[in-house]
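I opened a notebook page for this structure. The entries below record what I looked up, in order.

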Amino acid sequence: MLEAMKELAPSEFDRDLGGSFPSLHQTMLHMLWVEQLFFRRWRGLSTADIAQVPKLDSAASIQSAWEDLEKEREAYLVRLTDEDLIQPIEYVDTRGRKLSMLLWQSLFHLINHSTFHRGQAISKLRQLGKEPPATDFVPFCRELT
């Protein structure tokens, strides 16, 4: 998705195409922001300083932020144990509610959230007359081998 959005002209990236988030730009910002929020929550860190969607004005700046997050998150995830996964995480959501859930549930939620919005992003690419990238799990696994 990150590579596909970099191929768009700024007017395409910001075009209002309807939906939960009007443009591909806004959709990708939302996805990045939620990934950042949950990564902080997993580590028991405050999210007060990122309480709003980031103000990144280009596909390149979104990609850079996402790549930075991925490096940090990968280092965190490889250290998790089975015991860690069944521990509760407690956090304050964006509406100010104190919530708790097991870490594995939060990981699953984030995967589900991203899948939903990747589908929206693909739809937006198609509306722009672009060929979207494959985002299914099977092609991802094939790339790993």
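**Aromatic rings**

I began with tryptophan 42, which has 7% relative accessibility and therefore counts as buried (buried means under 20% relative accessible area, exposed over 50%, partly exposed in between, with a 1.4 Å probe and protein chains only). I noted that this is a predicted model, in which local features need pLDDT of at least 70, side-chain atom pairs count only at pLDDT 80 or more, and totals for chains, interfaces and linings use all residues. Residues are numbered from 1 along each chain as its sequence is written, and side-chain values use heavy atoms, with hydrogens and water left out.

Next I looked up phenylalanine 39, which is buried at 3% relative accessibility. Phenylalanine 39 and tryptophan 42 both sit in helix 3, residues 24–42, three residues apart, or about one turn of the helix.

How many aromatic pairs does the structure hold? I found five. The ring centres of phenylalanine 39 and tryptophan 42 are 6.2 Å apart and their planes stand at 90 degrees, so this pair is edge-to-face. The rule I applied takes rings of Phe, Tyr and Trp (its six-membered ring) as paired if their centres lie within 6.5 Å; planes under 30 degrees apart are stacked, over 60 edge-to-face, and the rest tilted. Ring pairs also join Phe39, Trp42 and Tyr76 into a cluster.

**Histidine 25**

I stayed in helix 3, where histidine 25 also lies. Is histidine 25 buried or exposed? Its relative accessibility is 6%, so histidine 25 counts as buried. Leaving out residues up to four places away in sequence, I listed what histidine 25 touches: Phe13, Asp14, Leu56, Asp57, Ser58 and Ile62. Contact here means heavy atoms within 4.5 Å.

I looked up isoleucine 86 in the loop between helix 5 (82–85) and strand 1 (88–92). Isoleucine 86 is partly exposed, with a relative accessible area of 49%. Its C-alpha atom is 5.6 Å from that of leucine 102, which is 16 residues away along the chain.

Threonine 115 is in helix 6, residues 103–127, and is partly exposed at 42% relative accessibility. I read 23 Å between the C-alpha atoms of threonine 115 and arginine 95, 20 residues apart along the chain.

Leucine 144 is in helix 7, residues 137–144. With a relative accessible area of 61%, leucine 144 is exposed. The C-alpha atoms of leucine 144 and glutamine 26 are separated by 29 Å, and the two residues are 118 apart along the chain.

**Whole protein**

I then turned to the overall fold. The protein has seven helices and two strands, and from the N terminus on the order is α-α-α-α-α-β-β-α-α. Its radius of gyration is 16 Å, close to the 15 Å that the globule rule gives for 145 residues, so the protein is as compact as a globular protein of that length. The radius is taken over C-alpha atoms, and the rule is 2.2 Å times the number of residues to the power 0.38. I noted that the C-alpha trace spans about 45 × 40 × 25 Å along its principal axes.

Of the 145 residues, 39% are buried. Among contacts with a separation of 6 or more, 62% are between residues 24 or more positions apart.

Key
Helices (H or I, at least four residues) and strands (E, at least two) are DSSP runs, numbered from the N terminus.
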